[in-house]
Amino acid sequence: MCAVLLTLGSTAFSQIHKSESSEQAAVQRTYNLNPVVVTGSGHHQRLKSTATPVHVLTSAEMHEQGITTLDGALIKMMPQLSMAPNSMGSFLRLNGLSNKYILILVNGQKITGDISNNVDLNRINMARVKRIEVLDGAASSLYGSDAIAGVINIITDQPTSDLISATSDTRISGHGVLTENVTLDIFTNGFGSYTSFSHDRANSYQTQDLEYVKGSDTETQRTIAPYFTGYRASVLGQKFTYSPNKQWAFNAGIDYSYKITDRPDTREDIGGGTDYEMRYKGLRLTLGGIYKMDSRNSLQANFSDDRFRYGKEYDVATKDYAVGDYVQSKKQHSTEAEMKAILGLLPHSTTIVGADWRKDFLTATSGDIHQNVYTLAAYAQHEQQLLKNLSVTAGLRFTHHETFNNHLTPKVTLMYAPGNVRLRATYSAGFRAPGLDELYYHYFSVNRGKPQIIFGNTSLEPEKSHYLALNAEYRNSQIAVSITGFMNRINDMVVRENIDVDAASLAMLRTEFPEMTDEQAAKLERYSLYRNSDKGDVKGVQVNVSYNVFSGFNISAHYNYAYARSKSGDEWTELERSIRHAATIAANYHHVWGKYAMNVNVNGRLQSRTCYPDYEDAPGYGVWNINTTHTLDLVKWAIIEPSIGIDNIFDRVDRRIDSTNRKYALFTPGRMLVVGLKLKIK
């Protein structure tokens, strides 16, 4: 798959700081149609040169659009991605496939933090994000299990140009939305210290205070259940780097994350409240080093230890718990070590060989799990220019999984590149081992008096996929256009089957879970069991256009069509939350007048209905935003950049009455004024 995302600008303060040069040069620096990427090939190269290109979203683009959260970045600029926020995290989808098929990396290393198939994106420290790279399709040859739908790789930044610098970036808007990113960087004599703090918060809100009475499609009652769940989240990070010479470089880092929801408390006069908040904590340690033998050969080693836990913190006294009590639900721990070599063994070639070891631990109180599993892998990839305009990439990964034995996942890519044209063909295989929860869950919980039961299945088979993409691209200094057709076939998809409760199964369930009361048993309608379905199928087309209309003004449009289905027996069903059509559009204008620069960005996301099988589909929508930034370079040691904008200009809101467990697609309270202030001192 190919994506051509325009780098709309370098940060405005750096453009102004160079204002001694001509205005034309400053404007030209705003646009870069050929950024450096790493995710597609496993090593750094220019976007137009990679045989497996990726979508690229830079920090400059995010800043110009007023984006300060990861979910905002992905949704506003990546039409193939969709997201549904809830109290458990963010339900992420890529081309219709859920987040368990999406591998999320930070600097190439997997991040832990799955919460009931939702991703805790608040663990990502946005204060340090340099760019976000998104690779569509199976990528298991380089990245192993879970990379069936694709890979999201967050690349962080460690500046080396200033002795000391500090930044503060604050944005506020309605409904208590506040984001604050602070950094302090020190670099001298090859030593770097990078400290960062990111805080993100928002209040719960409703767009409709009515819900249908259970069992009725017409009778309503008031509720305080939030449409969007408020939260407070913080990430504190510290990273050290040391480069004694041009050959050696070392790094060590630690990130601590904390998040707690902010929901309405339980009340006797109205439903929809909760007795507790969900609380999350994460601690991530990283170590790494690189030895550069010369410009084409290097050795790398990386180690990470990632711990994540969440549970219930009570803010309403109940029969069993007092205010302030904490009950842990799940604890995850992952340790990973990787070594790889990037080699130039032949002229016009790059070879990557590596080995990876990973061990995952899961303790789930409510799921009655205390299990662990290890994975060993070895991989190799070779890129070779065969003829003047023809190159090939071939890769293979051997994975030994403690439970599911051995698997091979190959990849082959051809690229023909005459002049400004690129023609690409890619085949890659994917592999996903069932999670420890899918294997071993023995889950019982009660939500608002209603029990939920989930059984794991130790007889599950691994999921396997075959991904094929054909791409054509044209690119010059003014315009970049690409079109991609893709198909992703998945065998043995792991799904959660709902089974209706009858008298016999109810007796079995009460034996399995003796803590279930008579009142809870009377409300139990179904339970769930993980199993393999026959297959999944995703077909789609992507079109990407970026056009530099004139100096300082650029427009870009990205369209994604995806038809995602799963088959069980002889019946095909469209995947839940899948979207057939989605597009993102942006127009950006930048201009410099002496020591003042202005940037105006208008962007929008449009999408068709969101599929909910057996329920009413969520309607499509179009949301447009505008953001302006104003940069003042008044003194040599400081840059001031205020911003002001409007989110959801046309006040699009989903005000439907909740009848089916909140089957929504548009998560916005309506039109909001957004103001911000960025300061940099150096």
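His175 lies in the loop that connects strands β13 (164–172) and β14 (178–188); strands (E, at least two residues) and helices (H or I, at least four) are DSSP runs numbered from the N terminus. The structure is a predicted model, in which local features need pLDDT of at least 70 and side-chain atom pairs count only at pLDDT 80 or more, while totals for chains, interfaces and linings use all residues. Residues are numbered from 1 along each chain as its sequence is written, and side-chain values use heavy atoms, with hydrogens and water left out.

Although His175 is not a glycine, its phi is positive, at about 60°. With a relative accessible area of 36%, His175 is partly exposed (buried means under 20%, exposed over 50%, partly exposed in between; 1.4 Å probe, protein chains only). Asn189, in the loop between β14 and β15 (191–202), is likewise a non-glycine residue with a positive phi, here about 50°. Asn189 counts as exposed, at 74% relative accessibility.

The surface also carries a nonpolar patch formed by Val182, Phe197, Leu236, Ile254, Tyr256, Leu283 and Leu285, with about 530 Å² of accessible area together. Patch residues have over 30% relative accessible area and no salt bridge, and nonpolar side chains are joined within 5 Å; areas come from the Shrake-Rupley method with a 1.4 Å probe. A salt bridge here is a side-chain nitrogen of Lys or Arg within 4 Å of a carboxyl oxygen of Asp or Glu. Strands β19 (248–262) and β20 (276–294) each supply at least two residues of the patch. Leu283, placed in β20, is partly exposed with a relative accessible area of 34%.

Turning to the interior, helix α4 (residues 70–77) has 7 of its 8 residues buried, so the helix is largely enclosed by the rest of the structure. The buried residues are Leu70, Gly72, Ala73, Leu74, Ile75, Lys76 and Met77. Asn601, in strand β38 (residues 596–607), is buried as well, at 0% relative accessibility. The Asn601 side chain makes a polar contact with the side chain of Asn588, at 2.9 Å (a pair of N or O atoms within 3.5 Å, one able to donate a hydrogen and the other to accept it, with sequence neighbours counted only if both atoms are side-chain atoms).

Ser566 stands opposite Thr573 of β36. The hairpin has 2 residues between its strands, and Gly569 takes a positive phi near 70°.

Notes
Pairing = 2+ DSSP bridges. Patch = residues over 30% accessible without salt bridge, like charges linked within 9 Å, V, L, I, M, F, W, Y side chains within 5 Å.
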